[in-house]
Amino acid sequence: MNNSGQIIHLKKEILVRIIKAFLSDNFERQARLIPYDMRPKGMEVPYRCCVYKERAIIKDRTIAGLGFPIEEDDETVSLADYAKQALERTQISDKNLTVLQTACKGCATNRIYVTDLCQGCVARPCQSTCKFGAISIINGRSVIDDSKCKKCQMCINACPYKAIAKISVPCEDSCPVGAIKKDETGFASIDYDKCINCGRCTAACPFGAVHERSQIIDILKAMKSDKKVIAMIAPSIAGQFPGNIYQLKTAIINSGFDDVYEVAQGADITAKTEAKEFTERMEEGQKFMTTSCCAGYNQLIKKHLSEIKPFVSDTKTPLYYTAEIVKKENPEAITVFVSPCVAKRAEGFENPNVDFVMNYEELGALFVAKKIQIMDLEESKYVVEASKQGRNFGYSGGVAESVKKSLKDEDSVKPCVINGLNKDSIKQLKKYATSGVCEGCNLVEVMCCEGGCIGGNATINNSKTAKKLIDNFTQNSEDISKI
Amino acid sequence: MEKITVRVCTGTTCFVMGGANLQELNETISEKYGDKVELTASNCLGLCSINWEYSKAPYVKVNEEVVSEATPEKVVEEIDRQLAKQ
């Protein structure tokens, strides 16, 4: 879900400035100055009422960039202190998102509202259609009693003047599991017991109020230590940066990592293992199996959809296999997964072989801060080259295809895809789970984001172009049957 | 009539700060202008290292005119402006 607007630009600029501050000779001072450097005295104010509010909001965004929750900030702690605390911290949190409440206040609560277009008509279809008795006529106009309204929207459809509107709260509307809500005070907060870390809200909020809590400082700190730091890049990264993935490897090494592995290498293991498991399950008489590589989907199963568990493949994710290989080959190394989405932060947190997760925006910010020109770099080879199918794991349909190509009998599989988790597709999955069948299909590929990982919340490129670039690159890669 | 040259910066800064989305110009420009406009990808134009730094990236040059914080819409607007002058 690539969002190209000003907010993404602003978030990335802050990340670049945080990294530059870390690399400077006085991190704490430079971190404290970020809001002043971005909004210097006398500057025309682009978004808010005044330069002071702009700076306050940039400060809050910087707190998230330093890895802390904005909600817990009491405004007395300076960014210099946060920077110091970030340097001292030895643990990361499993709460991956944080809400910038000052930005949130500007948005009205989710409700159904009768606008001035109401003609006060005689037929009053809104009133008769409301099953909850929430609409009354006051001074000849319809008025909705919020305490009775269930937001069913029947009145909206009934009004011939289109006078009734739903006031949307984009974060709430985007969340497939009802985990983010604005309370009476007007502030949104996230219920982590429900949140599946899909990252929709980060992309949906027009105020950019939902932030990922970055681990960039922890990663930069690891690079400064005497330990090896190894990047594991997700398959969807091909198509996110200029140049090819071989130049990208050089760029990642130049930015401070010691080595780079393709997670597509693990995707090949996932595909082959899953193909074997699929054959076994079908032989046992199961009607369908779902894939298990998407972190958002795995969170959904754990928190909301346990009934589908018997149908979910037990095969591990590409990241799992890759991290296992990396740690076996480099037991002392610190591993960093480079991810398109926030959900993989949750998976990384639960996997002891994954020390940190950074997203594409953060890697991009690191390149910008270190002035790395990918296009000008030499290529570096990977020790293990992944297959075409493994490298195609990051877009919708790619996982099912790789399983198919890994089967002895390709015709035994009838794949279908859930291309993006939303209220409807979750309902559909629930139906498959309770009935035990999925009509016309025996392998369900589930991807949380629309388009697949290339539609992740922290991608740099739009998914259409990204898919084209991946296809261009992988057409010359080896077929999985030869690996 | 002189051909208009559009140079999209594919330096890392421009690409990361929003230039990735300019790739859709590949299609829109040839569709809309045929061979009146030539689109090329350029190595770093060097604009991010002067004055405004990354805060105004991505950059595109339409002939000698610099479009900062470029979006496909802004680039098309600049092309139209220059075509109108010809």
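A disulfide is a pair of cysteine sulfur atoms within 2.5 Å. Keep that cut-off handy for the first exercise, and remember that you're working with a predicted model.

**Exercise 1. Work out which cysteines form a disulfide and which parts of the chain they link.**

Step 1. Count first: over all chains, the rule gives one disulfide.

Step 2. Name the pair. The sulfur atoms of C416(A) and C441(A) are 2.4 Å apart, and these two form the disulfide.

Step 3. C416(A) is in strand β14 (residues 415–419) of chain A, while C441(A) is in the loop between α19 (423–435) and β15 (443–447) of chain A; the two are 25 residues apart, so the pair links distant parts of the chain.

Step 4. The angle about the S-S bond is -70°, a left-handed link. C441(A) is buried, at a relative accessible area of 6%.

**Exercise 2. Decide whether strand β12 of chain A is buried or exposed, and list its neighbours.**

Step 1. Go through residues 334–339. Six of the six are buried, so β12 of chain A is largely enclosed by the rest of the structure.

Step 2. Look for pairing partners. Strand β9 (residues 229–233) of chain A runs parallel to β12(A), joined by five bridges. Strand β13 (residues 356–359) of chain A is also parallel to β12(A), with four bridges.

Step 3. Zoom in on V338(A). This residue is the bridge partner of I233(A), and V338(A) also stands opposite M358(A) in β13(A).

Step 4. Follow the chain from β12(A) to β13(A). The path goes through helix α15 (residues 343–350) of chain A, making a right-handed β-α-β crossover.

**Exercise 3. Compare the surroundings of two salt bridges, R345(A) with E362(A) and K56(B) with E69(B).**

Step 1. Get the overall picture: the structure has 28 salt bridges over all chains.

Step 2. Take the chain A pair. The side chains of R345(A) and E362(A) meet at 3.1 Å, N to O. R345(A) belongs to helix α15 and E362(A) to helix α16 (residues 360–369) of chain A, 17 residues apart.

Step 3. Check burial here. R345(A) is buried at 2% relative accessible area, and E362(A) is buried at 3%.

Step 4. Widen the view: E212(A) joins R345(A) and E362(A) in a network of salt bridges.

Step 5. Move to chain B. K56(B) and E69(B) meet at 3.4 Å, N to O. Both residues lie in loops, 13 residues apart in sequence, so the pair ties those parts together.

Step 6. K56(B) is partly exposed at 30% relative accessibility, and E69(B) is partly exposed at 23%.

Definitions and conventions: Residues are numbered from 1 along each chain as its sequence is written. Chains are lettered from A and ligands numbered from 1 in the order in which they are written. This is a predicted model: local features need pLDDT of at least 70, side-chain atom pairs count only at pLDDT 80 or more; totals for chains, interfaces and linings use all residues. Side-chain values use heavy atoms; hydrogens and water are left out. Buried means under 20% relative accessible area, exposed over 50%, partly exposed in between (1.4 Å probe, protein chains only). Two strands pair if DSSP finds at least two bridges between them. A crossover is right-handed if, with the strands pointing away from the viewer, the path from the first strand over the helix to the second runs clockwise. A salt bridge is a side-chain nitrogen of Lys or Arg within 4 Å of a carboxyl oxygen of Asp or Glu.
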